[in-house]
Amino acid sequence: MTPGTPRDRDRLMRDRLLDGEAAALGELYDRYAPLVHSLAHRVLEDERAADRVTRDVFTHAWERPGDYTPGERSLRSWIASLAHHRAVELLRATGAAEHAVTGRGSAEELERTVHRAATAARADYIVTAMPAPLRAALNLAYHQRRDHRQTAADLGVSEEEVRRRLRLGLQMLATAGAPRPPGAPSAFSGAI
Amino acid sequence: MTAARLDVDHRALMSYLGAWALSACSPEEAAAVESHLPECARCAEEAHRLRDAVGLLHHEEPLDLDPGLRARVLESCLDRRPPKIPVPEWAAAYDTETARLDALLQDIQDAEWHAPVRLRWFEGEKQVGRRTTVAGVIGHLMTVDGLVAVALGLEDPLGARTPAHLVAPDARTEALWNASPLPQTRSVRRPWREQSHRLVSALSLESDRSAALDVAYGGYALPLRDSLLDRAFECWVHAEDIAGAVDYPYDPPKPRHLNGMIDLAARMLPGVIGQRRQAGLGRGVPEPGGVLHLEIEGAGGGDWYIGLDGAAGEAATGPGRAVAHVALDGVEFCRLAAGHVQPREAAAGQDGDMDAVHEVLFAAASLSRM
């Protein structure tokens with residue numbers, strides 16, 4: 001059995017990566033590649049570019065697992081922030097290169113595009129990392145188009161509780177668009 | 001309206017803002033919220049913010065990951081920082097096949113876990129079968145992988161109280177299926193996957209010791225390294241069963257891994273031919289020292305020479321006295337060895353001693369089991 005708390009598991013994974021255990025790298029990939037790839041795809045909207053980000057993120061985690069400090073944050077949030085940064089970096093570089101070659105687009109437009117893409121990716125991450133009851137309520141109300149009474153019946157909780165979950169879930173999601181202080185990836189900090 | 005009345009409205013209506021932003025209120029409730037907003041800057045600000053947040057939810061399903069990406073990413077990583085503890089070459093096929101199956105399982109829906117699957121294999125001279133579900137197949141893989149776990153000194157997924165005689169793969173599987181009155185669900189995915197990760201890690205950490213171990217299957221044993229190839233093969237075969245049941249495409253293993261699986265089957269054939277002869281199933285009298293040239297075409301193929309006189313373990317290294325020749329595609333050969341193709345129907349080119357051809361094709365099908 002995998003021992004202990006999620007924090008113990010994250011620490012064990014980091015230690016195995018530090019030891020140079022190839023099987024640990026495979027497990028890390030199996031656990032987080034779908035998250036990394038979908039975040040990158042959300043930013044870059046390109047399959048090959050998302051593959052490249054995936055390669056770069058796991059290369060970083062394999063070459064420098066010591067950059068991750070267990071206890072400060074979860075391994076998942078560290079991996080997600082690596083993916084986010086690398087994808088945004090690539091989007092910016094691709095946009096700048098295209099501007100240099102074709103003269104299309106301005107620096108301001110590029111920044112707007114980058115901001116939009118980064119917000120969308122943070123929002124996706126927030127949805128995957130929020131507590132499951134909030135995600136379930138949002139899923140029913142948004143994706144299944146259930147009203148809050150039907151949602152309450154589906155989930156077996158009171159209408160009041162469903163309203164609370166929908167509001168709280170959207171409040172969390174709304175932080176995705178908040179301007180970030182320099183260097184602080186807002187959505188990826190903390191334990192989620 | 002008095003200040004007190006406004007306050008009651010505010011508290012009640014504020015709780016509706018999330019539902020309102022998602023258009024999940026009744027028309028009356030929505031109208032009440034909307035008439036409150038011009039009076040209350042705080043609610044208006046939040047309502048605006050939550051409506052924007054709804055725009056960040058989106059419908060798209062995540063794309064399926066390219067199954068080949070794993071190998072490319074891992075290879076690139078390991079090139080840049082060579083591992084101190086590599087995954088042994090003989091476990092690479094198992095590592096890859098379990099990851100491929102897990103990626104398929106990731107993509108299937110809850111209901112598909114209960115899709116019916118018919119397992120098929122050969123007993124004696126005929127194909128037999130057993131009905132189960134997608135989840136039941138994963139339980140089967142987990143319990144038989146458990147034999148490798150036990151050999152490595154890890155926990156048996158059937159539990160510590162498993163009777164010591166319960167080592168035959170089919171008996172173990174039936175024990176798991178019968179242990180609960182309820183059918184298995186997708187919850188079996190996690191223990192199956194965690195065990196496969198633990199196996200790869202454990203045998204990497206002690207690759208020298210592991211390579212010298214035997215895995216007991218009840219009735220016969222395989223060296224651990226062959227057992228891992230066999231488990232990789234079973235994982236692929238059953239992944240194809242599952243993919244067929246839920247109508248997903250599924251590719252054969254990469255040529256290097258396919259080659260290892262074919263080689264294992266070819267090495268086991270002389271022993272099975274001997275057993276068939278002992279059981280009175282053999283056809284014809286083999287010439288002492290005679291071999292059959294098994295030519296496997298396509299990616300992962302090659303030439304193997306199968307001893308026909310029932311001397312198990314005597315790997316024929318060269319053409320020697322080839323009395324017959326069989327040529328077939330690598331994937332077709334594996335399907336034959338999995339019991340999914342009837343020996344008489346295998347698309348095989350054949351010439352020479354037809355009794356020898358018959359023996360090798362039937363022995364290949366007899367390699368299969370549940």
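Predicted model: local features only at pLDDT ≥ 70, side-chain atom pairs only at ≥ 80, totals over all residues.
**Domains.** Select chain B and colour it by domain: domain 1 covers 3-54, domain 2 covers 86-246 and domain 3 covers 255-366. The C-alpha centres of domain 1 and domain 2 of chain B are 54 Å apart.

**The side facing chain A.** Next, show both chains and select the residues in contact: 45 from chain B and 45 from chain A. On the chain B side, the elements that supply two or more residues are helix 2 (17-21), helix 4 (41-54), helix 5 (69-80), helix 6 (92-107) and helix 9 (189-205). Stop at helix 5 of chain B, which gives the most to this side, with 8 residues. Colouring the chain B side by residue class gives 26 nonpolar, 9 polar and 10 charged residues.

**Helix 6 and helix 9.** The crossing of helix 6 and helix 9 of chain B is left-handed.

Which residues of helix 6 of chain B meet helix 9 of chain B? Show side chains for Tyr94(B), Asp95(B), Thr98(B), Asp102(B) and Leu105(B) in helix 6. Across from these, in helix 9, are Arg189(B), Arg193(B), Ser196(B) and Val200(B). By class, the residues of this helix contact are 3 nonpolar, 2 polar and 4 charged.

Note on methods
Residues numbered from 1 in each chain as written. Chains lettered and ligands numbered in written order. Contact = placed C-beta atoms within 7 Å. Helix = DSSP H or I, 4+ residues; strand = E, 2+ residues; numbered from the N terminus. Nonpolar A, V, L, I, M, F, W, Y, C, P; charged D, E, K, R; others polar. Left-handed = near helix turned anticlockwise from the far one by under 90°. Domains from an automatic or database assignment.
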